Amino acid sequence: GDVYKRQMLMAGCGGFVGTALRFLVGRWCSGLHLGGFPLGTFVVNVVGSFLIGLLLGLAEQRGALSATASAVLVTGFCGGFTNFSTFADDMFLLLQKGHIGLFGLYVTLSLLLGLAMVYVGRTLVR
């Protein structure tokens, strides 16, 4: 009932902050030219992977996150900050433009660094 409504509102607030920060990172990265490499989406997804690893590691190892804090930080902020749908569109556009090498680099680096950052975040709190 009321607890879930509160957590939902808190997740929405966290999502707003994460989305706003994602927008700012994207704008900042748009000034950096890497030959068509989608740097903004890449940066937010790798950083978001580290943050979610750190937060969930804290929650598991130390019980440091309440359900409400998890809703705000994990579901809300990290969910709003990272962007799988843009990642998918970036991949599509790279393929459509025939940038097979950049496509391979983007997908490989995004997945490997995303996984590595979750690992690093979780490992830091052990």
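Two residues are in contact here when they have heavy atoms within 4.5 Å of each other. With that in hand, let's walk through the chain. This is a predicted model, in which local features need pLDDT of at least 70 and side-chain atom pairs count only at pLDDT 80 or more, while totals for chains, interfaces and linings use all residues. Residues are numbered from 1 along each chain as its sequence is written, and side-chain values use heavy atoms, with hydrogens and water left out.

Start with the overall picture. The chain has five helices and zero strands, so read along the sequence it goes α-α-α-α-α, where helices (H or I, at least four residues) and strands (E, at least two) are DSSP runs, numbered from the N terminus. The C-alpha atoms fill a box of roughly 50 × 30 × 25 Å, taken along the principal axes. Of the 126 residues, 34% count as buried; buried means under 20% relative accessible area, exposed means over 50%, and partly exposed is in between, using a 1.4 Å probe and protein chains only. Among contacts between residues at least 6 apart in sequence, 74% join residues at least 24 apart.

Now for how the helices pair up. Take helix H2 (residues 39–62) and helix H5 (residues 100–124): their axes come within 7 Å and cross at roughly 25 degrees. That makes H2 roughly parallel to H5. The axes are lines fitted to C-alpha atoms, for helices over the stretch in contact, and angles run from 0 to 180 degrees between N-to-C directions. As for the wording, angles under 35 degrees count as roughly parallel, over 145 as roughly antiparallel, 65 to 115 as roughly perpendicular, and the rest as oblique. By class, the contact of H2 with H5 has 13 nonpolar, seven polar and two charged residues. For these classes, Ala, Val, Leu, Ile, Met, Phe, Trp, Tyr, Cys and Pro count as nonpolar, Asp, Glu, Lys and Arg as charged, and the others, Gly among them, as polar.

Two residues of H2 are worth a look here. Ser49 sits in helix H2 and is buried, with a relative accessible area of 16%. Leaving out residues up to four places away in sequence, Ser49 touches Gly114, Met117 and Val118. Phe42, with neighbours within four places set aside, is in contact with Phe37, Tyr106, Leu109, Ser110 and Leu113.

Phe42 also leads us to the core. A nonpolar core is a set of buried Ala, Val, Leu, Ile, Met, Phe, Trp, Tyr and Cys residues joined through side-chain atoms within 4.5 Å. In the largest one, which has 19 residues, Phe37, Phe42 and Tyr106 touch the most other members. Helix H1 (2–30), H2, H3, helix H4 (84–96) and H5 each give two or more residues to this core, and the largest share, five residues, comes from H2.

On to H1 and its partners. The axes of H1 and H3 come within 6 Å and cross at roughly 30 degrees, which makes H1 roughly parallel to H3. H1 passes H3 in a right-handed crossing. Among the residues in this contact are Met10, Gly14, Val17 and Leu21 of H1, and Ala71, Val72, Thr75 and Phe77 of H3. By class they divide into ten nonpolar, nine polar and two charged.

H1 also meets H2: the axes come within 8 Å and cross at roughly 135 degrees. H1 and H2 are therefore oblique to each other, and their crossing is right-handed. The contact is made by Arg22, Val25, Gly26 and Cys29 of H1 and Leu39, Gly40, Val43 and Val44 of H2. Those residues divide into five nonpolar, two polar and one charged. Arg27, found in helix H1, is exposed, with a relative accessible area of 56%. The C-alpha atoms of Arg27 and Gly40, 13 residues apart along the chain, are separated by 7.7 Å.

Finally, look at Leu65, in the loop between H2 and helix H3 (67–81). Not counting residues up to four places away in sequence, Leu65 touches Leu55, Ala59, Ser70, Leu73 and Val74.

Notes: Left-handed = near helix turned anticlockwise from the far one by under 90°.
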